[in-house]
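Dear colleague,

Please find below the sequence and structure that I am handing over to you. My findings follow directly after them.

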Amino acid sequence: MRLQPKEVDAIAQAARDAFAPGTAVFLFGSRLQDAARGGDIDLLVETPEALSPAELVQRRTRFVSRIYRALDEQRIDVVIATQGQQDSRAVVAMAKRDGLKVAQV
Amino acid sequence: MSATDKIKAAIWEADRHVETLAEALAEWDRSPAPSWEALEADRGRVRIVDQLLFRFIKLQDTVGERLIPATLSILREPFDEWPMRDRLNRLEKLGYLNVENWLDWREVRNRLAHEYPDQPEVRFAALIAAIDAARSLAAMYQEWRGRLGAVGLT
């Protein structure tokens, strides 16, 4: 995994600020590959309850902007899914298969 | 360019964006789309939204890349080596902006610049959030401009 401890800490703190207890955050994509360089930080956020569209957008913004605050602006791509619910998006399936948990609220 | 010229240039540019943004916001407010599907079906509304979002992005770029350094420069702050975070924090202390709002708008903007395969309801909620952000950014810019003018810095 190519995230520094301070990056993991920033993600965990931002998740606590933005999401309800029970939420888990997984890293997926190129940052899992030790040999690669740079690249977006791809995160899957699994919430215990489904969020309304407006709430999802608001919490996603808060989550990412808190990370910006701690680390300065970064390329971060966040996908939000609900635990235990079917999700037809290919990116969610991939993130669930490969993802490494980096934070638990 | 002197610090005064830089601030004048930044304000001139931001004024162009905020003026068109205000027009687009007024048009949107006269007849906001109720859903993503309704928006997609109405080319006139799509044009208004495109104009609104384009000017939101441009105004944010002008503030971030030109007005922020020009303001720090005219206030004689030694900001050259400061990362963006420190510049924002300093301007918050000086009363020009709210860092949390600014970073929220950055996230909204970065998300607009990317096309994400969200569900239509989420796309629509993100659009409404972007329109709200555009409105708040325009208000923040007007206050900023007024503050500079009030102390004779424009």
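The contact between the two chains draws 13 residues from chain A and 17 residues from chain B. On the side of chain A that touches chain B, six residues are nonpolar, three are polar and four are charged. Please bear in mind that this is a predicted model.

Turning to the fold of chain A, the chain holds three helices and four strands. Their order along the sequence is α-β-β-α-β-α-β. The C-alpha atoms occupy a box of roughly 35 × 30 × 20 Å along the principal axes. Of the 105 residues in chain A, 39% are buried. Among contacts in chain A between residues at least 6 apart in sequence, 72% link residues that are at least 24 apart.

Two residues deserve a note on their backbone. Most residues other than glycine have a negative phi. Asp72(A), however, has a positive phi, near 70°. Asp72(A) sits in the loop that connects helix H2 (53–71) with strand S3 (76–82) of chain A. This residue counts as partly exposed because 13 C-beta neighbours lie inside 10 Å, a number that falls between the limit of 12 or fewer for exposed residues and that of 20 or more for buried ones.

In chain B, Arg76(B) likewise has a positive phi, near 60°, and is not a glycine. Arg76(B) belongs to the loop between helix H3 (43–74) and helix H4 (84–93) of chain B. With 8 other C-beta atoms within 10 Å, Arg76(B) is exposed.

Finally, I looked at Arg123(B), which is part of helix H6 (residues 120–150) of chain B. Arg123(B) has 18 C-beta neighbours inside 10 Å and therefore counts as partly exposed. Leaving aside residues up to four places away in sequence, Arg123(B) touches Trp36(B) and Asp118(B). By C-alpha atoms, Arg123(B) is separated by 24 Å from His17(B), and the two are 106 residues apart along the chain.

With kind regards

How values were computed. Residues are numbered from 1 along each chain as its sequence is written. Chains are lettered from A and ligands numbered from 1 in the order in which they are written. This is a predicted model: local features need pLDDT of at least 70, side-chain atom pairs count only at pLDDT 80 or more; totals for chains, interfaces and linings use all residues. Helices (H or I, at least four residues) and strands (E, at least two) are DSSP runs, numbered from the N terminus. Two residues are in contact if their C-beta atoms, placed from the backbone, lie within 7 Å. Ala, Val, Leu, Ile, Met, Phe, Trp, Tyr, Cys and Pro count as nonpolar, Asp, Glu, Lys and Arg as charged, and the others, Gly among them, as polar.
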